[in-house]
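User: Could you take me through some local features of this structure, giving the cut-offs behind each term as we go?

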Amino acid sequence: MIEQSQTLTSGSPRAAVSVETIREAIVHKLKYAVGKNPVAASTHDWFLATAFAVRDLIVERWMDSTTETYAHDVKRVYYLSLEFLIGRLLFDAMGNLEVTEAVRAALAELGIDLDLLKEVEPDAALGNGGLGRLAACFMESMATLSIAAYGYGIRYDHGLFRQRIKDGWQLEYPEDWLTWGNPWEFPRQEVAYPIGFGGRVEAMTDRDGTIRHEWRPAETVLAVAYDTPIVGWRGVHVNTLRLWSAKAQDPMRLDAFNRGDHVGAAAARVKAEAISKVLYPSDATPAGQELRLRQEFFFASASLQDLMRRHLNQHADITTLPEKVAIQLNDTHPAIAVAEMMRILVDIHEVDWETAWKLTRGTFSYTNHTLLPEALETWPVPLMERLLPRHMQIIYMINALHLDALKKRGEMDGGLQSALSIIDEQGGRRIRMGHLAYLGSHKVNGVSALHSDLMKVTVFRDLNAAYPNRIVNKTNGITFRRWLYQSNPGLTSVIREAIGPAFLDDASRLTDLAPLAGDAAFQEKFAAAKLANKERLARVILDRCEVKVDPHALFDVQIKRIHEYKRQLLNILETIAVYDAMRAQPTRDWIPRVKVFAGKAAASYAQAKLIIKLANDVAKVVNTDPTLRGLLKVVFLPNYNVSLAERIIPAADLSEQISTAGMEASGTGNMKFGLNGALTIGTLDGANVEMKECVGDDNIFIFGLTAEEVEARRAQGIDARETLAKSPILAEVLESIGSGVFSPGEPDRYKPLVDALTYHDYFMVTADFESYYATQRAVFRKWRDKAAWRRSAALNTAHMGWFSSDRTISEYAEDIWNVPVRPTHG
């Protein structure tokens, strides 16, 4: 019997847990928490019992971390995000507690395979893409660095949606991740806050002539807390992810029910609980817009009420708020928190306006994630006035004082006032939430060097001129615990054997691999780990897509949210071009290649959904063409989520990061692929720029227009007919798509895509095609030189250490939050 957990390194701060102890804990939980006899227990029952046993190991450390935070009176960080894409938590928790092998051995003694349990755990449906995954990585890194932190978000019943592909089309279904309960969360029914909507604002005059305002909402919803512990590396510190669920104050109107109106009796409850039903409800209707604003205010208000209660319980003086509290707004979704904080300080705690504004700005900071103007949220003034009347008053006041101050400084004319105002008067009065977040924060950060620089000259150009030095850069990062140690244990073992275990605690030590990148023996081991991952992914593809692929082929992967600026369409066009060439020249020595796509399109984004359909139609034609002899395969894996990413990323040879330059804020998928030994083909966009600097020009494939060239090209016009006349390959591809080669039953199906590319190519797909096509040929040439490819792959892994989220969070802690950090290494 194994008496200790098999930890990754020695020197853990706590004694290892024996296999016997874990086995007994699992059996105990199966009997008393799940209520099952081992003989009758299902795989899901065993998963629950194991999760509860592992959770118990976390709880003691969680309590210790909380006690230590109070005892040392340290400053807390509150991370407000509409998304937390945490994925499955069993292996995440076991890995960070260093008990994975002990749990595996304990279950084996009970006749249970741990890997089977992994498959029955649902992904937590709490996010959509990079924004939510970044928040999850940041929460793990804050715990790893012993930063006292809370994550605040919404406990969505059904997430974004579960994607199914039927006849090549995306269909959306509700996620059902909570059907069997969530073993990681602790319901806190006693932690509930009233959230108001609508109503009126009453002005009252005190005896000294001071005018106070009191908001009297017409509707009140309860925000109920659910806590999930987030454990850091080696279990040294545990933080809290607190998610809010919406509940009606009364479950039903009993009088209406007794009158026979059984449906109407529950109408108020249905309306209230809709707030936490789904992520990003469609805003194509006025009702959808209102629900989104209700969601954002709901979780912002609940979070502020909660942290203010905690602060005042520990510190009687409210003016110490910036010294003890740092609030980070993850994008513009929680920006209404700026106005809510002012309401809490001014209306409830009777702080004078000037002091309240100083406290608010000293406490808040804001992360911008987009340069797309349409993605910077704006709300119609009438909607805000009706739904949050007091907040509309506060926003007006913030705006007036901001504009008056600039006017007194002599820095504003009429045109500049329009650009600087929180209220956009163009085409209907709307509130610019990005402006509100910027003005209410002491620091505003971009998420890559290029993005931060572009922020200063694009979306926040005028605000940056008026308030210089507020914008700083914090390039995104990823947690290596999830995206290397857990997702790719085979490669982790190869690295550890080669350079020792120091990199597990200090990601910068991965550079010790660089001298070995050209070593033939090391390359063989590195390549063997990659092949094993590709064989596993091939089985997933066969199971989910019924397509057999060759694990020895080049796995060319693009997995991300489907959007025109991310340019999945460019990838598909190149695929068709190669398909045409392979049919025309069947005797050429083509390299085997597998094109892997995955990602969801917003339910109301028709063009993106058409791109998914095209990918599947192309796959159908290519995969069944006998002339290709299996040398080219195309697959679209449905329902992309964290768990699927953990299967795909370790198996990728080539990472597609091909967004239109200047439009991707950072990207973190590029970092995950690079860490796992994939080479990047990409534009000089987002963090690709910094990755190029780290890995070297010879180990990345860069193509296409730069951000400056994109702007210059757009200024000349975006009609692509002249470009197409110079590109016979692309013209032929578009002709085949437009004529119905891939949609014979509906020849005009892709006319909207072809017309957009021909006459309105805003995303520069045609402009970049020739460069992309030529760069893909350079990929082919390098792939043929196995030693050169393997060397570049190893160097990508070796030079990814800087992209650890531990580094990113350390920079936030020092430059923005002013909180202490406990390094993971000496």
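User: In which element is Tyr79 found, and is Tyr79 buried or exposed?
Analyst: This is a predicted model, in which local features need pLDDT of at least 70 and side-chain atom pairs count only at pLDDT 80 or more, while totals for chains, interfaces and linings use all residues. Residues are numbered from 1 along each chain as its sequence is written, and side-chain values use heavy atoms, with hydrogens and water left out. Strands (DSSP runs of E, at least two residues) and helices (runs of H or I, at least four) are numbered from the N terminus, and Tyr79 is found in strand 1 (residues 76-80). Buried means under 20% relative accessible area, exposed over 50% and partly exposed in between, with a 1.4 Å probe and protein chains only, so at 0% Tyr79 counts as buried.

User: Which residues does Tyr79 contact, leaving aside neighbours within four places in sequence, and what separates the C-alpha atoms of Tyr79 and Tyr150?
Analyst: With contact taken as heavy atoms within 4.5 Å, Tyr79 is in contact with Phe84, Leu134, Ala135, Phe138, Met142, Tyr150, Gly151, Tyr152, Gln328 and Asn330. Tyr79 and Tyr150 are 71 residues apart along the chain, and their C-alpha atoms are separated by 6.2 Å.

User: What kind of aromatic pair do Tyr150 and Tyr152 form, and which residues make up the aromatic cluster with them?
Analyst: Rings of Phe, Tyr and Trp (its six-membered ring) pair if their centres lie within 6.5 Å, and planes under 30 degrees apart count as stacked, over 60 as edge-to-face and the rest as tilted. At 5.8 Å centre to centre and 25° between the planes, Tyr150 and Tyr152 form a stacked pair. Tyr150 is buried at 16% relative accessible area, and Tyr152 counts as buried at 0%. The one aromatic cluster that holds them consists of Tyr78, Tyr150, Tyr152, Tyr193 and Trp244.

User: Why is the pair of Trp62 and Phe186 classed as it is, and what lies over the face of Phe186?
Analyst: The ring centres of Trp62 and Phe186 are 5.4 Å apart and their planes stand at 50°, so the pair is tilted. This pair links distant parts of the chain, with Trp62 in helix 2 (residues 43-72) and Phe186 in strand 5 (residues 186-197), 124 residues apart. Trp62 counts as buried at 5% relative accessibility, and Phe186 is buried at 17%. A charge sits over a ring if NZ of Lys or CZ of Arg is within 6 Å of the ring centre and within 35 degrees of the ring normal, and the residue over the face of Phe186, at 4.0 Å from the ring centre, is Arg55.

User: What is the volume of the largest cavity, and how do its lining residues divide?
Analyst: On a 1 Å grid over the protein atoms alone, a cavity is a set of points where a 1.4 Å probe fits but cannot get out, and lining residues have an atom within 4 Å of a point. Grid points are joined across faces, edges and corners, a volume being the space filled by probe spheres set on the points, and for the largest cavity this comes to about 150 Å³. Its lining has 19 residues, of which Leu89, Ala124, Trp177, Asn182 and Trp184 lie nearest the centre. Counting Ala, Val, Leu, Ile, Met, Phe, Trp, Tyr, Cys and Pro as nonpolar, Asp, Glu, Lys and Arg as charged, and the others, Gly among them, as polar, the lining of the largest cavity divides into twelve nonpolar, four polar and three charged.

Definitions and conventions. On a 1 Å grid over the protein atoms alone, a cavity is a set of points where a 1.4 Å probe fits but cannot get out, and a pocket is an open set with protein on both sides within 12 Å along at least five of seven lines; lining residues have an atom within 4 Å of a point.
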